[in-house]
Amino acid sequence: MLEHLFNKLNDKEEEMIAIRRYLHENPELSFEEEQTAKYIADFYQDKDAIVETNIGGENIHGIKVTIDSGNPGKTLALRADFDALPIKEDTGLEFSSKNEGVMHACGHDAHTAYLMILAECLIEMKDKLNGKIVIIHQPAEEKPPGGAQYLIKDGILDGVDNVIGVHVMSTMPVNNVYYREGNVQSGRNFFKLKITGKGGHGSSPHLANDPIVAASSFVMSIQTIVSRRLNPFDMGVISIGSFDGKGQFNIIKNEVELEGDVRGMNDDALELMENEIKRIAHGLETMYGVDCDLQYTNDYPVLYNDPSLTKQVVQSIESANIPEVNEVIRCEPQPPSEDFAYYAEELPCTFFYVGASPKDKETYAHHHPKFDIDESAMLIAAKTVAAATVDYLGKK
């Protein structure tokens, strides 16, 4: 049965690539993916499956496709995201983005393409399986608060036993598959800090109270949180992504605003960094006589891969002897965050990686204007998830 499924996927690889290129040409930002959602839903309209749209709410655009074998068994969900990023593309690809300033710079076009074709193949042979498969096409992975929460609140996991997700990785060699059990991707928080002082003339700083000086002190002070407050064996990252202090050269501004990103690989580390950032911001008021308005948001949680399910999926992939897969490798935890973590808070889940580094050109990391993948990684993603699905649901 698995060989038959692999042959179906081989036959549809060109269609998979065509779908990915169409999506790449027509990207849409998080929470704005109306046309992308319509394109996906239309793909399933004439297929023997239950298609539900607007999962998560009228403007959320989530799609749920239920494939019912008609035989008793468990229910496995397969998830792929489909939003793009606010990045101006600079790849020079023939199918580059037609939407100026918006780009599929993280591989979500590839995720959607592989899962659409895999779902089509599973629908065609569903009577040979047990239980149900729920296909989750998820919007808004990239933008807080993330699309997953809306879909979960709307019941997309009702009746589901486990969820599997995949990410193609331009930084990992193609033809390899990577996995890890336990905490595998960092949790993420973010904050905004407005510091208000007293504006004035640059010639008379004693008559003003410069918020840029206080903000600069804050930026330097929070760098010591990871180096001097966090356990050296814990992962933690604090980055200031925006420092809005622009003004005229000889005028002391009245206020400045900063925005920052906080990542950690466990809840204790995230809590410690949050408390320290709040403490330092409060201390600025006493030290510099300024007012600080700190808005701190707990965002995506740490992504936890269920060890038992992860082991089962890895064994399924290894035993399938997929021709395109050279190695299945246990990797190190990944620093970026991923809103698949919300599914893992609800059910035992696993999230693994498919190498997609281009073979014939320079590799660029995710979220780079020149980001691209080796498109053969999509067939590998489809076959690895197919192997896990068939092994999970078993033969009729």
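The structure is a predicted model, in which local features need pLDDT of at least 70 and side-chain atom pairs count only at pLDDT 80 or more, while totals for chains, interfaces and linings use all residues. Residues are numbered from 1 along each chain as its sequence is written, and side-chain values use heavy atoms, with hydrogens and water left out.

**Salt bridges**

- The count comes to 24 salt bridges, each being a side-chain nitrogen of Lys or Arg within 4 Å of a carboxyl oxygen of Asp or Glu.
- Arg20 and Glu375 pair through their side chains at 2.9 Å, N to O. Helices (H or I, at least four residues) and strands (E, at least two) are DSSP runs, numbered from the N terminus.
- Both Arg20 and Glu375 are buried, a class that means under 20% relative accessible area, with exposed over 50% and partly exposed in between (1.4 Å probe, protein chains only).
- Glu375 also meets Arg21 in a salt bridge of 2.8 Å, N to O. Because Arg21 lies in helix H2 and Glu375 in the loop between S16 and H10, the pair ties together parts that are 354 residues apart in sequence.
- Arg21 is partly exposed at 34% relative accessibility, whereas Glu375 is buried at 12%.
- Within helix H7 (residues 267–288), Glu274 and Lys278 lie four residues apart, about one turn of the helix; the closest N and O atoms of their salt bridge are 2.8 Å apart.
- Glu274 is buried at 13% relative accessibility, and Lys278 is partly exposed at 36%.

**Negative surface patch**

- Asp244, Glu255, Glu257, Glu259 and Asp293 form a negative surface patch. Patch residues have over 30% relative accessible area and no salt bridge, and like charges are joined within 9 Å.
- Strand S12 (residues 255–264) contributes the largest share of the negative patch, three residues.
- Asp293 is located in strand S13 (residues 291–298) and is partly exposed, with a relative accessible area of 39%.

**Cysteines**

- Zero disulfides are found in a search of the whole structure, where a disulfide is a pair of cysteine sulfur atoms within 2.5 Å.
- Cys121 is buried at 0% relative accessibility, and Cys292 is buried with a relative accessible area of 18%.

How values were computed: Patches are made of residues with over 30% relative accessible area and no salt bridge: like charges are joined within 9 Å, nonpolar side chains (Val, Leu, Ile, Met, Phe, Trp, Tyr) within 5 Å. Accessible areas come from the Shrake-Rupley method with a 1.4 Å probe; for residues, only the protein chains shown count as cover. Lys and Arg count as positive and Asp and Glu as negative; His and the chain ends are not counted. The place of a charge is taken as NZ of Lys, CZ of Arg, CG of Asp or CD of Glu.
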